[in-house]
Amino acid sequence: MSVTGSRRSASLPVPTPSRSGVALLCSSESGDSFDVCLRLSRDALTIQKLDVVCTDGSEPKANHRAVVLRRQVAGGLGLSIKGGAEHNVPVVISKIFKNQVADQTGKLFVGDAVLQVNGINVERCTHQEVVHLLRTAGDEVTLTVRYLSEVPSFLKLPLGSPGLDQNQASSPLFNSGFHLNGNNTAPPPSPSANEPKYEKRWLDAVCLPLRMARVSRRRAGSDKLRSNCFELFSPDASSSSVLQFCSAAESSDWLQAIAANIGELTQESIVHMGWVCEAPENSAPCRSSAFRFLALRGPYFYIFRRPPVGATDWGKPETTYNLYEVLFKVHKLWLAEDCWLQARLFLGLHGSPEQPDGDPLCFSILVGHGQSHTFRVELASDLATWDKSFQRAVFLEVQRVGSKSYMCSSQGSVLSFTLDFGSGFTCSDVTSKAVLWRYKFSQLKGSSDDGKTRVKLLFKNADSNQIEMKELEFANLTAVLHCIHSFIAAKVASMEPGFLCGQSLAPHISS
């Protein structure tokens with residue numbers, strides 16, 4: 001595994017998100033390494049590769065380009081090539097000589113692979129065969145080229161070279177600049193205004209989600225540590241990327257930054273999970289029940305028939321619901337009359353009777369369109385854990401989402417109803433985007449609904465102190481009401497400093 005020397009270019013600035021830098025992406029198959037730009041955000045690591053794009057809008061991306069070269073008086077084309085079929089690599093443009101480039105229609109770049117010479121396919125030709133074709137191709141030579149975003153490292157091509165480099169490092173492969181380069185010192189002609197304009201740019205190639213991902217400094221199947229590099233695995237371990245850096249310190253910095261994001265996301269990802277017993281609808285919870293495995297993970301509430309063992313199992317739940325559209329409700333809080341026993345329940349303490357005989361510990365999940373699930377647990381401490389965990393999961397999800405919009409109607413007009421964690425309620429016209437009204441969460445003084453599609457929201461006008469009623473109609477009214485409850489509960493919880501530490505609980509809202 002080799003590392004190229006120069007890895008930055010003034011003409012290609014590195015993007016600056018939350019963290020960015022340049023590294024080598026190592027291929028596990030060939031052992032080669034390729035220059036890449038890394039962009040680390042809170043949720044993902046994006047790997048960018050250099051590619052050639054057309055900047056005049058004539059085509060979105062230039063994969064294959066035809067470039068016409070006109071041989072100079074001295075017989076040269078002003079370029080050098082490396083590689084060939086005998087090395088199992090394509091023939092690549094390795095140099096374009098400054099002030100010696102031939103008359104050129106189109107644009108060549110260092111790193112372009114030569115696919116055809118005057119229409120003759122050379123992808124399987126040896127180095128000497130391509131040299132011979134170029135020398136005998138006539139005064140006008142048409143090259144069909146494709147830029148290699150993954151240039152083999154042993155070709156020693158500089159990262160981000162705009163195409164002009166006289167101080168190119170030597171290569172173990174034969175460099176044919178002597179045969180193809182002329183001695184004409186005239187400056188290159190200006191490109192025609194009608195010709196496509198190409199340039200190198202960083203383009204997103206791989207985006208690795210960090211939630212539930214894994215990093216390792218060790219080689220696969222070995223305890224041997226990698227030198228100045230580490231491997232990042234996707235959550236399902238189906239793909240990975242080996243990243244190498246200039247120094248151990250740089251490698252350590254990136255490893256710690258990525259690991260910190262993974263740890264933070266994983267901690268937020270699974271708030272709680274465990275077994276419960278589900279009671280069929282319209283039947284006693286203790287009869288004809290079936291065991292289910294529930295999970296509060298990320299933005300969803302999952303219901304499984306069996307625990308998700310592997311990463312792919314998370315994509316196969318029996319049912320999934322958006323957390324902010326679900327309402328959690330405790331059934332028959334039989335010890336509510338005894339404040340001491342209630343305190344022990346929320347603290348998860350043992351040493352007292354769990355419940356009276358025949359009175360199960362149950363909670364319900366109320367979802368859209370009036371649907372619900374009822375679950376039974378064995379211990380009062382389990383019930384308290386699910387209660388607190390659900391509140392925490394909803395709080396984290398509302399903070400993450402920030403806002404949620406629903407389509408609705410009022411007096412024949414189509415409107416957009418938005419809940420925003422920071423600003424409150426907003427209603428705007430879908431067509432004109434004009435805001436019709438806006439209220440804070442604290443201005444909501446009451447509500448009523450018909451149990452089907454319509455809801456009346458009562459707001460207190462901050463200026464007149466008068467109650468104003470807004471009547472809206474939704475396709476899924478239950479989901480909207482639950483979402484309003486989630487946002488308001490999260491807003492209240494955000495004012496409690498110890499909420500996320502489990503030191504306080506948001507109040508229940510009875511249906």
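Student: What makes the nonpolar surface patch in this predicted model?

Tutor: Three residues make it: L458, I467 and M469, with an area of about 260 Å².

Student: Where is M469 placed?

Tutor: M469 sits in strand β28, which covers residues 467-473.

Student: Why is M469 called partly exposed?

Tutor: Its relative accessible area is 44%. Buried means under 20% and exposed means over 50%, so M469, at 44%, falls in between and is partly exposed.

Student: Why does C125 count as buried?

Tutor: Set its value against the cut-off: C125 has 16% relative accessibility. Buried means under 20%, so C125 counts as buried.

Student: And why does C246 count as exposed?

Tutor: For C246 the relative accessibility is 52%. Exposed means over 50%, so C246 counts as exposed.

Student: What is the mean pLDDT of the protein chain?

Tutor: The mean is 77, and 72% of the residues reach 70 or more.

Student: Which elements have the lowest and the highest mean pLDDT?

Tutor: Helix α4 (residues 339-347) has the lowest, at 45, while strand β25 (residues 435-439) has the highest, at 97.

Student: What about residues 181-191 and residues 501-511?

Tutor: Residues 181-191 have pLDDT below 50, and beyond near neighbours in sequence this stretch has 22 contacts in the model. Over residues 501-511 the pLDDT is below 50 too, with 16 contacts beyond near neighbours in sequence.

Note on methods
Residues are numbered from 1 along each chain as its sequence is written. This is a predicted model: local features need pLDDT of at least 70, side-chain atom pairs count only at pLDDT 80 or more; totals for chains, interfaces and linings use all residues. Side-chain values use heavy atoms; hydrogens and water are left out. Buried means under 20% relative accessible area, exposed over 50%, partly exposed in between (1.4 Å probe, protein chains only). Patches are made of residues with over 30% relative accessible area and no salt bridge: like charges are joined within 9 Å, nonpolar side chains (Val, Leu, Ile, Met, Phe, Trp, Tyr) within 5 Å. Accessible areas come from the Shrake-Rupley method with a 1.4 Å probe; for residues, only the protein chains shown count as cover. A salt bridge is a side-chain nitrogen of Lys or Arg within 4 Å of a carboxyl oxygen of Asp or Glu. Helices (H or I, at least four residues) and strands (E, at least two) are DSSP runs, numbered from the N terminus. pLDDT is the predictor's confidence in each residue, from 0 to 100. Contact means heavy atoms within 4.5 Å.
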